[in-house]
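This report examines how the elements of one protein chain are packed and linked. The model is a predicted one.

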Amino acid sequence: MQQAAKRTSDMPVNPDHTIDQDWEGYTAAEHARWDALFQRQSGLLPGRACDAFVTAMNTLTLSDSGIPHFGRLSDRLERLTGWRVVAVPGLVPDAVFFDHLANRRFPAGAFIRAADQMDYIEEPDVFHDVFGHVPLLANPVFADYMQAYGNGGLRADGLGVLHHLARLYWYTVEFGLVKSDDGLRIFGAGIVSSATETIFALDDPSPNRVGFDLVRLLRTNYRIDDFQQTYFVIESFERLLEDTAQDFGPIYQRIGRLDDLDPPDLLPEDVVLARGTQAYFTEKVA
């Protein structure tokens, strides 16, 4: 990621940690890299991603001229739900991130992964952030959920319980599954922007697939270095917003007295939609 880091390191950073996207500064090779990633992922998603994601992906025109221009993309998005996309040089402080979300601004990395990182990149780049996250910001219900999460994050940060709330983002916004009339569908950005996890999350027998339960989820650790060992499945975006539209204070107090759960753990009260074999993970350890 040396070239990507160099591209953003020289850009002036504003007090809110935003930068100028410098769309004109992208090279033809970088635009071609976006197009290759877009073509690969958009071809995988029909029948796998939820309908709301696929519809919004097409509505927002994410493939008109290589890497999307954040200003033009934001104009289209703002007309739908009031959200805008702002460029950042990389990961930003938690409080800054939450403030952007609370004000309907999504901070997106301005750099694109190198040619040898097409299948995996540790730090989110413009493809993960824009292709993975932005489409569902065009969905009014999910857009409200993201703003509410930003407000909740500011509060959790002040209470010192951010590690619990971060799990909600991870297991919904990044790696969430949703029920549909035709079976389970993916919507989390970490899945929809990954060719391999798009297949793994729905088809592989290894991971657990468990019905969404807020308290249970907030107790569950996650792994950042590989596929997920458990995926949580929501009923709908409307139900997700309803389930999380409550005072988290008593919940934080309750789970503070409980042990954390490991990623593959299952509880007797879980609604288990698929009990995973965990074979992928045990074989890697072996």
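A residue is called buried under 20% relative accessible area and exposed over 50%, and partly exposed in between. By this rule K179, at 33% relative accessible area, is partly exposed.

## Salt bridges

A salt bridge here requires a side-chain nitrogen of Lys or Arg within 4 Å of a carboxyl oxygen of Asp or Glu, and the count comes to 13 salt bridges. In general, side chains of opposite charge can pair when their charged atoms come close.

K179 takes part in one of these bridges, meeting the side chain of E235 with an N to O distance of 2.9 Å. The pair links distant parts of the chain: K179 belongs to strand 3 (residues 177-180), whereas E235 lies in the loop between strand 6 (230-234) and helix 12 (237-244), 56 residues apart. E235 is also partly exposed, because its relative accessible area is 43%.

D203 counts as partly exposed, with 46% relative accessibility.

D125 is buried at 0% relative accessibility, and R113 is buried at 4%.

Strand 6 is largely enclosed by the rest of the structure, because five of its five residues are buried. Both of its faces are covered: T230, F232 and I234 are buried on one side, and Y231 and V233 on the other.

Strand 6 pairs with strand 3 in the parallel sense through two bridges, and V178 has I234 as its bridge partner in strand 6. Strand 5 (residues 208-211) also runs parallel to strand 6, with four bridges between them. In that pairing, the partner of G211 in strand 6 is V233.

Strand 2 has four of its five residues buried, so this strand too is largely enclosed by the rest of the structure. Five bridges connect it in parallel to strand 1 (residues 84-88), and P107 of strand 2 is the bridge partner of V86.

The length of helix 2 agrees with expectation: at 1.5 Å a residue, its 17 residues should span 24 Å, and its end C-alpha atoms are 25 Å apart. Its buried residues are E30, H31, R33, W34, L37, F38, Q41 and S42. Seen down the helix axis, these residues fall within an arc of 150 degrees, so they line one face of helix 2. The face turned away from that buried side carries the exposed residues A28, Q39 and G43. In general, an α-helix has 3.6 residues a turn, so residues three or four places apart point the same way.

Helix 6 is mostly covered, with eight of its eight residues buried. These residues are V126, F127, H128, D129, V130, F131, G132 and H133. The elements against which they pack are helix 2, helix 3, helix 4 (70-81), strand 2, helix 8 (162-174) and helix 9 (189-192).

## Nonpolar core

The largest nonpolar core has 84 residues, and W34 and L168 have the most contacts inside it. W34 is also one of the buried residues of helix 2. L168 touches Y145, Y149, V173, F212, L214, L217, L218, T244 and F248, residues up to four places away in sequence not being counted. In soluble globular proteins, nonpolar side chains tend to be buried together.

F227 is located in the loop between helix 11 (214-218) and strand 6. Its relative accessible area is 14%, which means that F227 is buried.

With residues up to four places away in sequence left out, F227 touches T196, E197, F200, Y280 and F281. F227 and I191, 36 residues apart in sequence, are 9.2 Å apart in space from C-alpha to C-alpha.

Conventions: Residues numbered from 1 in each chain as written. Predicted model: local features only at pLDDT ≥ 70, side-chain atom pairs only at ≥ 80, totals over all residues. Heavy atoms only, no water. Buried < 20%, exposed > 50% of the residue type's maximum accessible area, 1.4 Å probe, protein only. Pairing = 2+ DSSP bridges. Core = buried A, V, L, I, M, F, W, Y, C linked by side-chain atoms within 4.5 Å. Contact = heavy atoms within 4.5 Å. Expected span 1.5 Å × (residues − 1). Arc of directions from axis to C-beta.
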